[in-house]
Amino acid sequence: MKTLFKTLLVLGFVLVAGALLLGWGLIHLLGDVPGVHLSVDGEEVILSGMGLADAFGAGIGLVIAFVVLCLVVPLVLLLGLGLPLLILGAIALVALAALASVGAVVGSPLLLIGLVVWLLVRDKPRKAPRMPPAQPGQPGPAMASHPGEPSLHA
C-alpha cells in the first residue's frame with residue numbers, strides 16, 4: 001500500500017510540473033503571436049519585457065499558489081469532507097452498539113437457556129488413547145513392518 005501512495009504522489013508531482021511547463025510554454029508562445037495580448041486587471045502584460053523585480057514577484061506568486069494547491073486544498077478536503085464522514089460513521093457505530101446491547105439485555109434469558117442446553121447436549125471430544133513409548137529395538141507404528149519395505153523415515 002505504501003508503494004501505491006508513493007507512486008501516486010510522484011505521479012501527482014509530475015503532472016503538476018508538466019502543467020506548469022505547458023502553461024509557461026503556452027504563455028510564451030502566445031506572447032509572440034500578433035494580435036494576442038495577455039492582460040491582468042486591464043493592463044497588458046509583456047513577458048519579454050519583464051524586469052527582475054517583476055519576475056521575482058511572479059515567482060513568489062507561483063510558489064504561494066503551489067503551496068496552496070499542495071497543502072491547503074488537501075487539508076480543506078480532509079477537514080471539510082473527511083471529518084464529517086468520520087463523525088457520521090462513529091455515530092452509526094455507537095447506534096449499532098446500543099442496539100446490540102439492548103438486544104443482549106432483552107435476549108439474555110433466552111441466551112442463558114440456550115447456553116445450558118448447549119452444555120448438556122454437546123458432544124464431548126473423547127481423548128485418544130495414549131500409546132506406550134516405543135522400545136529402542138521395536139519398530140514404532142510409523143515405521144514399516146517389514147524390513148524390505150520402503151519407508152519415508154531415515
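Leaving aside neighbours within four places in sequence, L38 is in contact with I27, E43, E44 and V45, where contact means heavy atoms within 4.5 Å. The model is predicted: local features need pLDDT of at least 70, side-chain atom pairs count only at pLDDT 80 or more, and totals for chains, interfaces and linings use all residues. Residues are numbered from 1 along each chain as its sequence is written, and side-chain values use heavy atoms, with hydrogens and water left out.

L38 itself belongs to strand β1, residues 38–40. Helices (H or I, at least four residues) and strands (E, at least two) are DSSP runs, numbered from the N terminus. With a relative accessible area of 39%, L38 is partly exposed; buried means under 20% relative accessible area, exposed over 50%, and partly exposed in between, with a 1.4 Å probe and protein chains only.

The loop between β1 and β2 (43–45) holds D41. This residue is not a glycine, yet D41 has a positive phi of about 55 degrees. D41 is exposed, at a relative accessible area of 79%.

Taken as a whole, the chain has three helices and two strands, in the order α-β-β-α-α from the N terminus. Of its 154 residues, 1% count as buried.

The contact between helices α2 and α3 comes next. The axes of α2 (residues 52–106) and α3 come within 4 Å and cross at roughly 65 degrees; axes are lines fitted to C-alpha atoms, for helices over the stretch in contact, and angles run from 0 to 180 degrees between N-to-C directions. In this contact, A104, V105 and V106 of α2 meet S108, P109 and L111 of α3. The residues involved divide into five nonpolar, one polar and no charged. Here Ala, Val, Leu, Ile, Met, Phe, Trp, Tyr, Cys and Pro count as nonpolar, Asp, Glu, Lys and Arg as charged, and the others, Gly among them, as polar.

Helix α3 covers residues 108–121, and its 14 residues should span 20 Å at 1.5 Å a residue; the end C-alpha atoms are 20 Å apart, which agrees. The expected span is 1.5 Å times one less than the number of residues. α3 is hardly covered, as the count of buried residues among its 14 residues is zero.

Finally, R122 lies over the face of W118, at 5.3 Å from the ring centre. A charge sits over a ring if NZ of Lys or CZ of Arg is within 6 Å of the ring centre and within 35 degrees of the ring normal.
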